Amino acid sequence: MAVLRLLPGFSAAYRKQGFLGMSDTQFELFEAAANDTKIEKAFIISLQNKVNTGELTMAEAKETLNDYRNAVGLFNSLPPNLDLQGKKEAMNLLKEKRDLERQIDGKDEALTVPQRERVKLLMNN
């Protein structure tokens, strides 16, 4: 499965570069993968093999899988009427909102004003 080679890139998009950095073809493959549990199972096996051969540490494999699952979760929360570019933009915004909410969670409101303001701005767009 050629798509398996691209799955770590989807994790990287979640963690670092964002979804706008993905080509349309890559994003379409991500869409297909996000809707296919067999692909995720094959990805897990691929990660386990990489751990077994020393190509990845267990921590790296877990982080990659977690990022992939988080990306799929964001994708599944999108409204169905968005075009491809809209989906990419929406996923970036949802990721930013999630990251900010995690930074804010449990912190004093006075110390997280910029993050709270950005979340409000994201919610109003």
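1. Start at Leu100, which lies in helix H5. The model is predicted, so read every value here as computed from that model. Is Leu100 buried or exposed? Its relative accessibility is 11%, so Leu100 counts as buried. The cut-off for buried is under 20%.

2. Next, the neighbours of Leu100. Leave out residues up to four places away in sequence, and Leu100 touches Gln115, Arg118, Val119 and Leu122. Leu100 and Ala34 are 66 residues apart in sequence. In space, their C-alpha atoms are 24 Å apart.

3. Helix H5 covers residues 84-104, and helix H6 covers residues 113-124. The two axes come within 9 Å and cross at roughly 150 degrees. That angle makes H5 roughly antiparallel to H6, because angles over 145 degrees count that way. The H5 side of the contact is made by Leu93, Glu96, Lys97, Leu100, Glu101, Gln103 and Ile104. On the H6 side are Gln115, Arg116, Arg118, Val119, Leu122 and Met123. Which hand does the crossing of H5 and H6 have? The crossing is left-handed.

4. Step back to the whole chain. There are six helices and zero strands. Read along the sequence, the pattern is α-α-α-α-α-α. The C-alpha atoms fill a box of roughly 50 × 35 × 20 Å, taken along the principal axes. The chain has 125 residues, and buried residues make up 35% of them. Consider the contacts with a separation of 6 or more. Of these, 60% come from residues 24 or more positions apart.

5. Helix H5 also meets H2. The axes of H2 and H5 come within 11 Å and cross at roughly 75 degrees. H2 and H5 are therefore roughly perpendicular to each other. From H2, the contact uses Asp24, Phe27, Glu28, Phe30 and Glu31. From H5, it uses Leu84, Lys87, Lys88 and Met91.

6. H2 has a further partner, H4. These helices pack at an angle of about 90 degrees, with their axes 10 Å apart. That makes H2 roughly perpendicular to H4. Phe27, Phe30, Glu31, Ala33 and Ala34 in H2 meet Tyr68, Ala71, Val72 and Phe75 in H4. Note that Phe27, Phe30 and Glu31 of H2 are listed here, and they are also listed in the contact with H5.

7. Now the aromatic rings. A pair of rings is described by the distance of the centres and the angle of the planes. How many aromatic pairs does the structure hold? It holds five. One of them joins Phe19 and Phe30: the ring centres are 6.2 Å apart and the planes stand at 40 degrees, so the pair is tilted. Phe19 sits in the loop between helix H1 (2-17) and helix H2 (24-34), while Phe30 is in helix H2. The two are 11 residues apart, and the pair links distant parts of the chain. Phe19 is buried, and so is Phe30.

8. Phe30 also pairs with Phe75. This pair is edge-to-face, with 5.7 Å centre to centre and 80 degrees between the planes. Why does the pair tie together parts that are 45 residues apart in sequence? Because Phe30 lies in helix H2 and Phe75 in helix H4. Both rings belong to buried residues. Phe30 has a relative accessible area of 0%, and Phe75 has 10%. Ring pairs link Phe19, Phe27, Phe30 and Phe75 into a cluster.

9. The charged end of Lys95 sits over the ring of Tyr14, 4.6 Å from the ring centre.

10. At 55% relative accessibility, Lys62 counts as exposed. The cut-off for exposed is over 50%. Contrast Phe75, also in H4, which is buried at 10%. Lys62 and Leu121 are 59 residues apart along the chain, and their C-alpha atoms are separated by 32 Å.

Note on methods: Residues are numbered from 1 along each chain as its sequence is written. This is a predicted model: local features need pLDDT of at least 70, side-chain atom pairs count only at pLDDT 80 or more; totals for chains, interfaces and linings use all residues. Side-chain values use heavy atoms; hydrogens and water are left out. Buried means under 20% relative accessible area, exposed over 50%, partly exposed in between (1.4 Å probe, protein chains only). Rings of Phe, Tyr and Trp (its six-membered ring) pair if their centres lie within 6.5 Å; planes under 30 degrees apart count as stacked, over 60 as edge-to-face and the rest as tilted. Helices (H or I, at least four residues) and strands (E, at least two) are DSSP runs, numbered from the N terminus. A charge sits over a ring if NZ of Lys or CZ of Arg is within 6 Å of the ring centre and within 35 degrees of the ring normal. Axes are lines fitted to C-alpha atoms, for helices over the stretch in contact, and angles run from 0 to 180 degrees between N-to-C directions. Angles under 35 degrees count as roughly parallel, over 145 as roughly antiparallel, 65 to 115 as roughly perpendicular and the rest as oblique. A crossing is left-handed if the near helix is turned anticlockwise from the far one by less than a right angle, and right-handed if clockwise. Contact means heavy atoms within 4.5 Å.
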